[in-house]
Amino acid sequence: SSGINAEYGGMMLADVLKRSRVRMWLNQSPEQRCKCYIFFVTAGSFVAQAIEFGKIPFFSDKYNFLNQVFVKWCWLWTLCLVSLISVLRVALKRMPIRHLYLVLLRLLFGTLYWYSLTTIIDGLKDNIGKCTLPEFNTSKLCRTEGGSWRYFMDISGHMFMLVFCNLFLESHATTEEEGGVFEGTVRGVTKVMVSLFELMMVCTVIYWHSPAEKILGTLTGVAGYTLIFKKFHSFIRLNET
């Protein structure tokens with residue numbers, strides 16, 4: 001009987017510790033997540049390169065539903081969710097109208113950062129790449145004619161957008177007013193979206209891109225967050241007072 005009780009107590013303790021670790025991770029600030037993402041992607045990418053993980057049919061397929069619907073459109077999901085949360089906060093008179101203006105300004109800066117970076121990356125790939133068919137010197141013509149466009153270095157767009165969107169979502173998920181059903185719902189919905197994006201980050205680390213490409217993608221996502229939420233601090237920081 002005492003052995004059974006001890007075993008049951010051990011299981012309960014393990015369950016409590018597990019839940020506390022999950023809760024600790026979910027409640028991490030964006031700044032803490034920046035460090036964790038850089039460490040996880042760097043270490044995980046080299047481990048995944050050294051150890052060949054078995055392919056899980058759904059998650060290793062880049063055409064799976066989650067990748068096509070959520071990851072490729074993750075900035076649109078982020079725009080919609082952050083905008084909706086901010087509009088509801090103002091409509092419910094939890095925040096002044098200035099709150100909405102500042103959030104929209106952040107979203108504008110985020111969209112400009114995303115568009116500028118992807119345009120620059122695509123331009124670099126076109127200029128420094130080479131076609132497997134020597135007679136074609138542009139990526140579009142190369143692919144149209146059945147060739148493959150090879151380039152020296154790429155940046156993981158998946159990792160860039162997933163990191164950037166998660167940090168963006170986390171930064172708008174909470175306010176100084178934590179209580180109430182509304183803020184609890186906001187926090188819960190945001191955590192579901194963030195957890196989904198983090199699941200796809202794990203899949204990207206294991207199955208897609210080289211370590212350098214994933215690390216660069218992570219750093220560009222963190223850089224975008226830092227640029228918008230830190231460097232432009234005096235202009236676009238949400239003023240809750």
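This is a predicted model: local features need pLDDT of at least 70, side-chain atom pairs count only at pLDDT 80 or more; totals for chains, interfaces and linings use all residues.
Author: Residues are numbered from 1 along each chain as its sequence is written, and side-chain values use heavy atoms, with hydrogens and water left out.

Reader: What makes up the protein, and how are the elements counted?

Author: The protein has 10 helices and 2 strands. Helices (H or I, at least four residues) and strands (E, at least two) are DSSP runs, numbered from the N terminus. Along the sequence the pattern reads α-α-α-α-α-β-α-β-α-α-α-α.

Reader: Why are H7 and H8 called roughly antiparallel?

Author: Helix H7 (residues 157–173) and helix H8 (residues 181–207) have axes that cross at roughly 165° and come within 10 Å. Axes are lines fitted to C-alpha atoms, for helices over the stretch in contact, and angles run from 0 to 180 degrees between N-to-C directions. Angles under 35 degrees count as roughly parallel, over 145 as roughly antiparallel, 65 to 115 as roughly perpendicular and the rest as oblique. The angle is over 145, so H7 and H8 are roughly antiparallel.

Reader: What is the make-up of the contact of H7 with H8?

Author: Its residues divide into 13 nonpolar, 4 polar and 5 charged. Ala, Val, Leu, Ile, Met, Phe, Trp, Tyr, Cys and Pro count as nonpolar, Asp, Glu, Lys and Arg as charged, and the others, Gly among them, as polar.

Reader: How do you know that H5 is roughly antiparallel to H7?

Author: The axes of helix H5 (residues 97–128) and H7 cross at roughly 175° and come within 12 Å. By the cut-off of 145, H5 is therefore roughly antiparallel to H7. On the H5 side the contact (heavy atoms within 4.5 Å) includes Tyr113 and Trp114, and on the H7 side Phe160, Phe164 and Phe168 are among the residues. The residues of this contact divide into 9 nonpolar, 3 polar and 1 charged.

Reader: What makes H2 roughly antiparallel to H7?

Author: Helix H2 (residues 30–50) and H7 pack at an angle of about 160°, with their axes 10 Å apart. This too is over 145, so H2 is roughly antiparallel to H7. Pro30, Arg33, Cys34, Tyr37 and Val41 in H2 meet H7 residues including Val163, Asn166 and Leu167.

Reader: Why does Asn166 count as buried?

Author: Buried means under 20% relative accessible area, exposed over 50%, partly exposed in between (1.4 Å probe, protein chains only). Asn166 is at 0% relative accessibility and therefore counts as buried. Asn166 lies in helix H7. Leaving out residues up to four places away in sequence, Asn166 touches Tyr37, Met193, Val194, Phe197, Glu198 and Met201.

Reader: Why is the pair of Phe164 and Phe168 called edge-to-face?

Author: Rings of Phe, Tyr and Trp (its six-membered ring) pair if their centres lie within 6.5 Å; planes under 30 degrees apart count as stacked, over 60 as edge-to-face and the rest as tilted. By this rule there are 10 aromatic pairs. For Phe164 and Phe168 the ring centres are 5.8 Å apart and the planes stand at 70°, so the pair is edge-to-face. Both residues lie in helix H7, 4 residues apart, about one turn of the helix, and both are buried.

Reader: Which residues do ring pairs link into a cluster?

Author: The cluster consists of Trp75, Tyr113, Phe160, Phe164, Phe168, Tyr225 and Phe229.
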